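Please look over the model shown here, with attention to its nonpolar core, its helix packing and its backbone angles.

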Amino acid sequence: MALATMQTTGMVCAHHHLYSTLARGMPAPSRHSEHFTEILEDVWWRLDAAIDEDILYWSAALGAVEALLVGTTAIVDHHESPRFIEGSLSVLAKACRDVGVRLNTSYGVTDRWDDEGKLRSTVDPGSPMTSAARRGLDECDRFLSAGGEGMVGLHAAFTCSDETIAAAAELAAKHGVGVHVHVAEGPVDKDAGRRLEAWAKDDWLLVHGVFLDTPLRGRLVHNPRSNMNNSVGYARPSTRANTILLGTDGIGSDMLDEARVAYARLREFDVRESPDTVWGWLANNQALVPGVTRDVVTWNYDHMDSPWHLAFTTGVRPVRIQVNDEVVLDNGLPTKVEITEVRAKAAEQSKRLHERLST
Ligand SMILES: [Zn+2]
């Protein structure tokens, strides 16, 4: 008997960090991180500082392969690699192109590395722009000027000076794109709304918004699993006026899985809610990446148009994917790259990365 299948357009992950794919299994921090800022210092800011070109390419290639395996054909990426800034966005774009996944990327500009190369956990709004921030802006400018698909990235208001926020907003306007920025993810960034409100526009991508207490223009990306993992609290997306989208914040790109988590968390918050709300957020992701509505994903399941089915059915997988009229996944496996080779190369780079992190 033939498998019951159904076709949809490609899934979009509205907030991802492809540089973090090889973080799994990284050496544990030397202390137990007690709160959000310590998690940033002990895990993510240690990791991004250890990334070089080879690590980045294979981290992104593995992330892109894993996206195809779950039917995601477009990734909206937010990137940071402070020791490998120039050219980093092109490395990400090449990895995704090689696998056959659409990418929108941005360098996450920040002033947290001062001009002596020292890390600061927060940055005084009145301080001058650092050379590292300037280089991040230049990387966004270079990539977008060369026709790259992307936005201008900002790490978060609490690690940026006012001068840097203004420069990012101006650069984004020059290119006719929005700014992709973490907003009020933890208590440390609770002033983000006030810091950004003079600049934010409807095409900005605001990520998290857990502690956002002022209205702010832009689309708001909800990342429920990441918020739970960092113990920062619930973003209450259903109470916001913004258009809501769904992201994974670097924890893979399985959007059906993220939607199931988002639904469970939403129901815990308000038992009157239905999966239609969350699948509406997922549908909003489509507008971020032009072309994705032409992608064709054939799934091993036949209720793809029913949020009530999808919210309670795990293991739904694509069997075939077509991106830009090219078959990029067939019989459940990528066609443009050899999956075993990508896994082997990624494992080599993962070993290098983890060694760098332990010294
Ligand atoms: Zn993020």
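**Core, helix pairs and positive phi**

The largest nonpolar core has 103 residues, and those with the most contacts inside it are A61, A64, L92 and C96. Such a core is a set of buried Ala, Val, Leu, Ile, Met, Phe, Trp, Tyr and Cys residues joined through C-beta atoms within 7 Å. Helix α2 (residues 53-69) gives the most to this core, with eleven residues. The model is a predicted one, in which local features need pLDDT of at least 70 and side-chain atom pairs count only at pLDDT 80 or more, whereas totals for chains, interfaces and linings use all residues. Residues are numbered from 1 along each chain as its sequence is written.

- A64 touches A95, C96, V99 and V101, leaving aside residues up to four places away in sequence; contact here requires C-beta atoms, placed from the backbone, to lie within 7 Å.

**α2 against α11**

- Helix α2 packs against helix α11 (residues 339-358) at an angle of about 140°, with their axes 9 Å apart, which makes α2 oblique to α11 (angles under 35 degrees count as roughly parallel, over 145 as roughly antiparallel, 65 to 115 as roughly perpendicular and the rest as oblique).
- The crossing of α2 past α11 is left-handed, and the residues of this contact divide into nine nonpolar, two polar and four charged.
- On the α2 side the contact involves D54, I55, W58, S59, A61, L62 and V65, which meet I339, V342, R343, K345, A346, Q349, R352 and L353 in α11.

**α8 against α9**

- Helix α8 (residues 255-269) and helix α9 (residues 275-284) also pack at an angle of about 140°, and their axes are 9 Å apart, which makes α8 oblique to α9.
- α8 passes α9 in a right-handed crossing, and the contact is made up of nine nonpolar residues, one polar and no charged.
- M255, A259, A262, Y263 and L266 in α8 meet P275, T277, V278, W279 and L282 in α9.

- A184, in the loop between β6 (179-183) and α6 (192-196), has a positive phi of about 50° although it is not a glycine.
- A184 counts as buried because 28 C-beta neighbours lie inside 10 Å (buried means 20 or more other C-beta atoms within 10 Å, exposed 12 or fewer, and partly exposed in between).
- S231, in the loop between α7 (224-229) and β9 (244-246), likewise has a positive phi, near 55°, but S231 is exposed, with 12 other C-beta atoms within 10 Å.

Terms used:
Axes are lines fitted to C-alpha atoms, for helices over the stretch in contact, and angles run from 0 to 180 degrees between N-to-C directions. Helices (H or I, at least four residues) and strands (E, at least two) are DSSP runs, numbered from the N terminus. A crossing is left-handed if the near helix is turned anticlockwise from the far one by less than a right angle, and right-handed if clockwise. Two residues are in contact if their C-beta atoms, placed from the backbone, lie within 7 Å. Ala, Val, Leu, Ile, Met, Phe, Trp, Tyr, Cys and Pro count as nonpolar, Asp, Glu, Lys and Arg as charged, and the others, Gly among them, as polar.
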